[in-house]
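Open the model in your viewer and keep the selection tool ready. This tour goes from stop to stop, and each stop says what to select.

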Amino acid sequence: MRTPPDHPPPPAVPTARDRGDACPGTLRLHAADDGALARVRIPGGVLRLDQAGALGRAARDLGDGELHLTSRGNVQLRGLDAGCVRELAARLDAAGLLPSHRNERVRNIVASPLSGLDGRGHLDVRQWLGALDRMLCGSEAAGGLSGRFLFALDDGRGDVAALAADVTLRAAPDGGARLLVGDTGVLHVDARDVQDAPRLALLAAEAFLEAADGRAWRVSELPGGVGEVVRLLRGRGVPAAVGARPAMPVGHAPPPGVVTGSGGADPDGATAISVLAPLGRFSAAQWAELTAAAHRELRLTPWRGAVLPGSPAAALTRLAAAGLITDSSSPLLGVGACVGHPGCARSLADVRADAALHTGGAPRTGGALPVYWSGCDRRCGRPRGDHVDVVAAPGGYGVAVVRGGRHYTGATIADPSELAAAVAAARVAGLDG
């Protein structure tokens with residue numbers, strides 16, 4: 001099915017920015033075909049039980065009742081009335097989900113969701129998470145960041161470090177950390193100074209803003225690369241230097257099921273449980289079950305799932321009955337989709353319905369590439385890394401493979417009866433490289 005490389009789906013290259021950043025937030029809604037959309041930033045994906053309850057009630061009372069997860073572990077509420085901003089803000093403010101009105105859209109932080117639970121990281125990044133979020137909320141300069149700018153806090157396993165963040169802190173085996181700006185390693189933080197790492201991450205973001213001078217929203221768009229960011233960091237007393245990306249293992253998303261390790265297991269051997277939201281969304285009933293199963297908090301993941309620390313393995317049975325993905329046998333494992341028609345005016349198809357219908361038979365033996373369904377060639381929410389790219393087109397669906405950042409031309413499937421087989425074949429063939 002594959003031919004020589006064609007072109008990557010919209011690559012990250014230097015881009016001229018001649019308009020304002022329209023990225024939605026809690027206080028700035030986006031008008032969609034199914035109503036207004038709010039994007040609620042959840043730094044590190046961490047929600048207390050009361051906060052999860054407040055989000056669920058807001059979705060039910062003000063929107064369509066569903067909670068849509070993003071590829072950054074944030075939550076989108078859809079079907080909102082455009083005039084609900086004040087009430088939504090009041091509800092989320094009361095729950096502690098809106099600590100800064102000025103900087104609410106820049107609180108984009110992903111963090112290793114299993115950190116501190118399974119004993120596999122070099123450092124529990126929760127100590128970084130709270131500090132970085134407080135600094136972001138309090139920084140007047142950081143308010144100038146785009147709503148797309150991303151921080152990653154990786155505990156050393158390499159999971160969120162693979163998500164192409166703009167500024168990454170990655171724990172090192174020696175107890176210190178590496179600071180990366182884009183793909184470039186710029187500083188090693190000694191173990192004795194590791195608590196200062198969030199401040200250094202914020203300084204890197206503020207240096208990016210000065211280097212960008214309004215011309216870029218992401219580090220990958222800087223016309224001159226990260227050299228100017230490093231120069232500005234040195235001017236702030238940070239001994240940064242342009243270096244290669246450190247060679248460290250690449251981790252993966254938490255699989256659905258029981259999380260075991262050294263974090264204080266229950267009698268079943270579980271330190272936490274992990275579930276995935278089918279096609280990235282929780283219904284009102286599913287969210288209620290998820291919250292009820294949580295012990296003390298929920299950790300939403302950039303892979304559109306949730307980790308529940310301290311919840312017993314037995315809770316998985318109830319969550320599976322609610323329709324959540326709780327083990328690797330689910331046919332919807334690895335299947336994602338944008339909102340599609342009728343929620344998005346640009347979409348050429350009801351991709352969520354088609355994804356559920358035509359990827360249910362994907363073979364599991366030996367694994368399969370993830371597959372992402374898009375309603376148009378913008379590919380909103382598409383995953384990082386290797387995957388099968390299914391895009392609605394006027395003549396049907398284009399099915400192709402993305403590997404190593406390259407987009408390999410596939411085929412356009414016009415006959416719906418052939419679509420499931422084409423997607424299943426691409427998911428397996430793409431593993432062969």
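Select F149, F151 and F208: they form one aromatic cluster. Rings of Phe, Tyr and Trp (its six-membered ring) pair if their centres lie within 6.5 Å; planes under 30 degrees apart count as stacked, over 60 as edge-to-face and the rest as tilted. The structure holds four aromatic pairs. One of them joins F149 and F151, edge-to-face, at 5.4 Å centre to centre with 65° between the planes. Now look at F149 and F208. Their ring centres are 5.0 Å apart and their planes stand at 40°, so this pair is tilted. The pair links distant parts of the chain: F149 sits in the loop between α3 and β7 (151-154), F208 in helix α4 (residues 197-212), 59 residues apart. F149 and F208 are both buried. Buried means under 20% relative accessible area, exposed over 50%, partly exposed in between (1.4 Å probe, protein chains only). F149 has a relative accessible area of 0%, and F151 has 1%.

This is a predicted model: local features need pLDDT of at least 70, side-chain atom pairs count only at pLDDT 80 or more, and totals for chains, interfaces and linings use all residues. Residues are numbered from 1 along each chain as its sequence is written, and side-chain values use heavy atoms, with hydrogens and water left out.

Next, helices. Helices (H or I, at least four residues) and strands (E, at least two) are DSSP runs, numbered from the N terminus. Select α6 (residues 284-293), where Q286, W287, L290, T291 and A293 are buried. Look down the axis of α6: the buried residues fall within an arc of 165°, so they line one face of the helix. The arc is that of the directions from the helix axis to the C-beta atoms.

Move on to α8 (residues 351-358). Which residues of α8 are buried? They are V351, R352, D354, A355 and H358. Seen down the axis of α8, these fall within an arc of 165°, so they too line one face. They pack against several elements, including β4 (67-69), β19 (396-403) and α9 (416-429); contact means heavy atoms within 4.5 Å.

Last stop: α3 (126-138) and β3 (46-48), the elements that give two or more residues to the lining of the second largest pocket. Six lining residues, the largest share, come from α3. Of the 16 lining residues, P43, V46, Q51, R107 and D133 lie nearest the centre.

Key: On a 1 Å grid over the protein atoms alone, a cavity is a set of points where a 1.4 Å probe fits but cannot get out, and a pocket is an open set with protein on both sides within 12 Å along at least five of seven lines; lining residues have an atom within 4 Å of a point.
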